[in-house]
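Reader: Hey, I'm new to this one. Could you walk me through it?

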Amino acid sequence: MGEHKYTGPIAGIFQKLADVFKTDVYMVNFVILMIFTLFEVAAVFFTTIPGTDIEITRTAVWSILIGVGIIKGYGIAAFFMHLKGDPSIFTRTALFPVVFVALMLWGIGLSNPDSILGLPAWCSPVNDYSFVTN
Amino acid sequence: MSGSLHDVKNEMWMKAVVIGVVLLLAGFVAYGVFTVGVGDAKHHDYEVAKDEYEAAHHAKTIAEEEFYLAQSRWVNDGEPTEGHTWDEYVAAVSALDSAKAVDEEAHHDEIDAHLSYLTWTTLGKTLMVMMIFYSGFYIVAGFFNSIQPEEEHHHDHGDHEEHHGSASPILMAAGILLFMFGFSDFVTTSKAWLGLDYEAQIGGFMLAAVGTIILIIGIGNWWREDMKGSPEQVAVSDPFTGNDIRKAGMWIFLISEMMVFASFFSSYLRMRTEWCTQWALDAGTCTEQEFAEFGVTTASDLLRHDVMTLLPGAINTFALIISSYTIVLALKTAKDTNWKPSDNALMAKLFPTRKKTIRNYLLLTLGLGSLFIVLKLIEWSHLIAEGLTIDTQAGSIFYVATGAHGLHVFIGLLVMLFMIFKADSVGYDEKNGQGIEYFGLYWHFVDLAWVAIFPAFYLY
């Protein structure tokens with residue numbers, strides 16, 4: 001740990017920052033996580049950019065929350081969880097459920113508000129209970 | 001198991017029992033100081049504030065009555081802008097305005113006093129419950145291990161000893177099974193003992209208690225095995241060939257955890273896209289009328305616009321990030337064979353030796369994780385006081401999702417207790433540091449989950 005030199009378009013930036021400040025990538029990652037968290041909280045807390053009349057729109061807040069989430073997620077997974085530097089099988093394992101998570105978020109989270117009532121006929125259950133006897 | 005082998009004498013486990021007793025005492029002291037001491041004083045302040053608010057509210061009601069009386073006199077007099085009825089009317093308006101201001105201020109003071117009281121009592125209760133859990137683990141696991149027959153030393157075997165497998169997971173699973181059987185009665189009995197209107201169900205409670213003891217013994221057994229150490233098992237078939245089995249297992253466990261949290265998010269998103277919230281109203285996706293009729297107040301509506309309400313969540317976010325970093329530092333120190341104390345005098349005093357440095361970083365992680373739990377429960381007590389209860393739709397998804405996350409943090413803290421004990425006794429080094437690394441994966445995952453939960457439930 002600590003002696004590994006990170007390369008790549010994003011990890012390389014972290015490494016360069018570590019080299020410039022004469023520290024390790026973990027420290028750089030930690031500081032970046034702290035700064036972006038402050039940024040995230042401020043984006044929601046302030047309705048205008050401090051010191052100006054420029055309004056922080058809903059779209060801007062959304063973009064910041066998602067963007068910061070991705071950056072923080074990358075920082076934690078790549079450096080703290082050592083996915084960058086470990087054998088690629090661990091990254092592939094970590095990414096394996098992503099498709100299921102996306103399906104779940106789309107299928108449940110963003111599904112038709114009518115729920116099962118709004119399903120097309122071809123995937124609706126046959127509600128014929130005439131065979132049921134008391 | 002860890003890659004190096006250690007001789008662990010049974011007497012060492014008695015140290016765990018002693019630490020457990022100290023933690024238990026600390027918990028009771030915290031309860032006495034915060035809940036009974038400060039809490040009682042704050043409760044008195046709350047009662048005073050409540051009386052003042054009632055008096056202010058009563059004064060406002062009288063001022064309103066006098067205003068309506070003066071207004072009707074003035075209207076009956078033909079609404080002149082001078083004369084006796086006009087003067088009375090102006091005086092009544094002024095008195096009502098000032099009564100309303102006093103009433104509003106008293107109301108704010110009452111809310112502040114109530115929240116302050118809740119803060120201190122919840123702090124004391126949470127610390128006490130946490131310490132009971134911490135000490136329970138140390139006392140039961142320590143005592144169980146201290147009475148085990150001594151095993152022969154590992155010196156002659158070198159690091160080539162075979163891994164013998166472990167019965168601990170089966171013991172732990174049996175303990176969880178029994179606990180879950182008795183869980184509903186455990187909750188009912190706990191509520192009855194807390195003075196709520198429930199009847200104690202001792203049978204189920206005892207089943208849950210026995211399950212808990214078996215669970216702790218299973219964990220204690222695991223502690224013993226891990227403390228002694230055994231060679232790291234390496235996968236010999238695809239896809240993890242050449243990698244530590246424990247690491248592969250941890251990642252597989254984490255992807256299952258990912259699905260658990262994804263299900264919470266899906267449910268939240270499903271409900272949230274349909275609700276008419278303040279955010280939806282501001283964005284123009286629902287109308288004022290719809291909001292008045294079906295409006296939903298989310299936790300974020302109550303939290304995000306005020307520094308003091310947002311502060312616990314924000315501090316928790318920073319606490320988790322810092323704790324992620326401290327565990328990285330513990331691992332880095334364990335792996336660093338050329339470790340030297342810092343040139344800085346204070347740092348050298350705080351982190352004098354490699355062994356103590358690892359232990360202290362783990363202690364810091366434990367402290368930050370405990371802070372997370374304390375702040376979360378204080379925040380919950382405030383939200384419940386403001387009406388966001390678990391029997392509302394917005395409350396149920398909030399408490400279930402953030403509660404499941406909090407439970408993960410708490411389980412992590414219980415594992416950390418053992419790691420601290422191990423770091424303080426046999427110690428971690430470059431040979432057995434994998435324990436910190438694999439636990440770190442879990443801890444970072446908990447941090448990662450919070451990266452998604454915090455904006456979704458606190459800021460959006």
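This is a predicted model: local features need pLDDT of at least 70, side-chain atom pairs count only at pLDDT 80 or more; totals for chains, interfaces and linings use all residues.

Reader: Ok. Which helices of chain B supply at least two residues each to the side that touches chain A?

Author: Those are α6 (245-272), α7 (278-283), α10 and α14 of chain B. Helices here are DSSP runs (H or I, at least four residues), and strands are too (E, at least two), numbered from the N terminus. α6(B) brings the largest share, 14 residues. Sorted by class, that side of chain B has 30 nonpolar, nine polar and 10 charged residues. In this scheme Ala, Val, Leu, Ile, Met, Phe, Trp, Tyr, Cys and Pro are nonpolar, Asp, Glu, Lys and Arg are charged, and the others, Gly among them, are polar.

Reader: And how much area is buried between chain B and chain A?

Author: About 4400 Å², with carbon and sulfur atoms giving 79% of it. Buried area means the accessible area (1.4 Å probe) that two parts lose on being put together, summed over both. Trp251(B), Arg270(B) and Tyr325(B) supply 15% of what chain B buries against chain A, more than any other three residues. In contacts, 49 residues of chain B meet 44 residues of chain A, where contact means heavy atoms within 4.5 Å.

Reader: How many salt bridges are there between chain B and chain A?

Author: Two. A salt bridge is a side-chain nitrogen of Lys or Arg within 4 Å of a carboxyl oxygen of Asp or Glu. The side chains of Asp24(A) and Lys332(B) form a salt bridge at 2.2 Å, N to O. Over all chains the structure holds 15. One of them joins Asp19(A) and Lys5(A), at 3.1 Å, N to O. Asp19(A) sits in helix α1 (residues 11-20) of chain A and Lys5(A) in the segment before α1, so this pair ties together parts that are 14 residues apart in sequence.

Reader: New topic: how many cavities of 30 Å³ or more turn up?

Author: Three, from a search of the whole structure. On a 1 Å grid over the protein atoms alone, a cavity is a set of points where a 1.4 Å probe fits but cannot get out, and a pocket is an open set with protein on both sides within 12 Å along at least five of seven lines; lining residues have an atom within 4 Å of a point. Grid points are joined across faces, edges and corners, and a volume is the space filled by probe spheres set on the points.

Reader: What lines the second largest cavity?

Author: Its lining includes His82(A), Ile327(B) and His444(B). α14(B) gives the most, four residues. The volume of this cavity is about 40 Å³. His82(A) lies in the loop between α3 and α4 of chain A and has a positive phi of about 60 degrees although it is not a glycine.

Reader: And the second largest pocket, what's its volume?

Author: About 1400 Å³. α3(A) gives the most to its lining, nine residues.

Definitions and conventions
Residues are numbered from 1 along each chain as its sequence is written. Chains are lettered from A and ligands numbered from 1 in the order in which they are written. Side-chain values use heavy atoms; hydrogens and water are left out.
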